[in-house]
Amino acid sequence: MYEAFLNQITDFIFVETPVERSDIIFVPGNGYPQMAERAAGLWKEGLAPYVLPSGRYSILSDGFAGVLDKKERYTGSYDTEWAFLRDALMKNGVEEPYILKEDQATYTYENAIYSRKVTDTKGLEIKKAILCCKNYHARRCLLYYQLLFPQTKFCVVASDTDGINRENWHRQERGIQAVLGEMERCGSQFHQIIKDLED
């Protein structure tokens with residue numbers, strides 16, 4: 001019974017789907033390069049024409065908190081998460097004209113909101129999209145982007161950035177905190193959104 005309980009949490013939080021050719025690749029803001037690296041690989045395979053990294057910096061800080069992994073490779077002076085992700089994309093082979101810009105978002109819901117504004121402004125019809133995000137952030141990320149792109153089919157490509165994954169999260173305190181924290185946020189952050197949608 002306990003194993004079934006863990007599996008239900010794991011399957012809810014750690015979303016990952018097969019990848020299909022899409023209209024765009026979204027990379028929500030963060031300080032890890034892994035998601036941008038995955039996005040670059042998919043772009044080079046021809047799976048989408050554009051990549052849209054998104055993010056200013058956390059609403060809880062006064063500036064970009066800095067690169068959180070592979071600092072020896074990503075040594076630039078970055079003002080925003082978008083600037084960092086753009087550099088990571090270019091260092092991994094994405095050509096600059098195909099990187100779209102969203103550098104105002106300060107939390108995940110805004111990543112989705114402002115990304116939608118970018119695609120609308122550019123007149124892009126997004127029938128399918130690839131979402132490159134952190135593995136245990138995948139469900140919340142997907143929920144937000146689905147809200148803003150309700151007619152879009154999403155392919156979720158998740159990256160392990162800090163050693164917390166679907167196999168081991170419940171065996172370590174920081175994994176438990178991270179995953180159950182995401183469960184809590186999937187509830188708490190949608191209270192007002194659902195009320196607003198119902199109204």
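Modeller: Let's start with a term: a polar contact is a pair of N or O atoms within 3.5 Å; within protein, one must be able to donate a hydrogen and the other to accept it, and residues adjacent in sequence count only if both atoms are side-chain atoms. Here, the side chain of Ser-22 reaches the backbone oxygen of Glu-20 at 2.9 Å. This is a predicted model, where local features need pLDDT of at least 70 and side-chain atom pairs count only at pLDDT 80 or more, while totals for chains, interfaces and linings use all residues. Residues are numbered from 1 along each chain as its sequence is written, and side-chain values use heavy atoms, leaving out hydrogens and water.

Biologist: Is Ser-22 buried or exposed?

Modeller: Buried means under 20% relative accessible area, exposed over 50%, and partly exposed in between (1.4 Å probe, protein chains only). Ser-22 counts as buried because its relative accessible area is 4%. You'll find Ser-22 in the loop between helix 1 (2-13) and strand 1; helices (H or I, at least four residues) and strands (E, at least two) are DSSP runs, numbered from the N terminus.

Biologist: Which residues is Ser-22 in contact with, leaving aside neighbours within four places in sequence?

Modeller: Contact means heavy atoms within 4.5 Å. For Ser-22, the list is Leu-47, Ala-48, Pro-49, Lys-128, Ala-129, Ile-130 and Cys-155.

Biologist: Now the core: which residues touch the most other members?

Modeller: A nonpolar core is a set of buried Ala, Val, Leu, Ile, Met, Phe, Trp, Tyr and Cys residues joined through side-chain atoms within 4.5 Å. In the largest one, of 27 residues, those are Ile-25, Val-27, Val-51, Leu-89, Ile-130 and Cys-132. Strand 1 (24-27), helix 2 (34-44), helix 3 (81-91), strand 3 (128-134) and strand 4 (153-159) each give this core at least two residues, and helix 2 has the largest share, with 6. A second, separate core has 22 residues, including Ala-112, Ala-129, Val-156 and Ile-193.

Biologist: What does Leu-89 touch?

Modeller: Not counting residues up to four places away in sequence, Leu-89 touches Ala-36, Ala-39, Ala-40, Val-51, Pro-53, Val-94 and Ile-99.

Biologist: And where is Asp-69?

Modeller: Look in the loop between strand 2 (51-53) and helix 3. Asp-69 counts as partly exposed because its relative accessibility is 27%. Its side chain makes a polar contact of 2.6 Å with that of Gln-34. Beyond four places in sequence, Asp-69 also touches residues including Gly-31, Tyr-32 and Thr-161. As for Arg-116, 47 residues apart from Asp-69 along the chain, the two C-alpha atoms are separated by 28 Å.
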